[in-house]
Amino acid sequence: MRAFGFLSFGHYAPMPGSQTRTAADMLKQTVDLAVGADEIGVNGAYVRVHHFARQAASPMPLLTAMAARTKRIEVGTGVIDMR
């Protein structure tokens, strides 16, 4: 099988109709996305750093949570900008 992955940007906003209203929602949904991708055979799940969004400024704890809930998928960073 060829490698197939995705890069999650993890935005959220407290707007009417948004399913991602809080930072906690964004983090939980990112882990859930990785779990679902792992279940269907996706090879890679990557996140990027958002410097001015505190919940996503340090991706390593999020990647740890993703790795703890998945079995085969590779997790990593897509972009870590220099501060």
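Predicted model: local features only at pLDDT ≥ 70, side-chain atom pairs only at ≥ 80, totals over all residues.

Trainee: Why is the pair Asp 32 and Arg 69 called a salt bridge?

Mentor: The cut-off is 4 Å between a side-chain nitrogen of Lys or Arg and a carboxyl oxygen of Asp or Glu. Here the closest N and O atoms are 3.8 Å apart, so the pair qualifies. The structure holds 1 salt bridge.

Trainee: What parts does the pair tie together?

Mentor: Asp 32 lies in helix α1 (residues 23-39) and Arg 69 in helix α2 (residues 59-69), so the link joins parts that are 37 residues apart in sequence.

Trainee: Why are Asp 32 and Arg 69 called partly exposed?

Mentor: Buried means under 20% relative accessible area and exposed means over 50%. Asp 32 has 44% and Arg 69 has 49%, so both fall in between.

Trainee: Next comes Thr 70, in the loop between α2 and β3 (74-79). How do you know whether Thr 70 is buried or exposed?

Mentor: Its relative accessibility is 12%. That is under 20%, so Thr 70 counts as buried. Leaving aside neighbours within four places in sequence, Thr 70 is in contact with Ala 34, Val 35 and Asp 38.

Trainee: What makes the pairing of Met 66 and Thr 70 a polar contact?

Mentor: The backbone oxygen of Met 66 lies 2.9 Å from a polar atom of the Thr 70 side chain. The limit is 3.5 Å, so this distance is within it.

Trainee: Which residues make up the largest nonpolar core?

Mentor: There are 11 residues in all, among them Val 31, Leu 62, Met 66 and Ile 73. The elements giving two or more residues to this core are α1, β2 (44-48) and α2, and the largest share, 4 residues, comes from α1. In soluble globular proteins, nonpolar side chains tend to be buried together.

Trainee: How are the elements arranged along the sequence?

Mentor: The protein has 2 helices and 3 strands, in the pattern β-α-β-α-β.

Terms used
Residues numbered from 1 in each chain as written. Heavy atoms only, no water. Buried < 20%, exposed > 50% of the residue type's maximum accessible area, 1.4 Å probe, protein only. Polar contact = N/O pair within 3.5 Å; in protein donor to acceptor, adjacent residues only side chain to side chain. Contact = heavy atoms within 4.5 Å. Core = buried A, V, L, I, M, F, W, Y, C linked by side-chain atoms within 4.5 Å.
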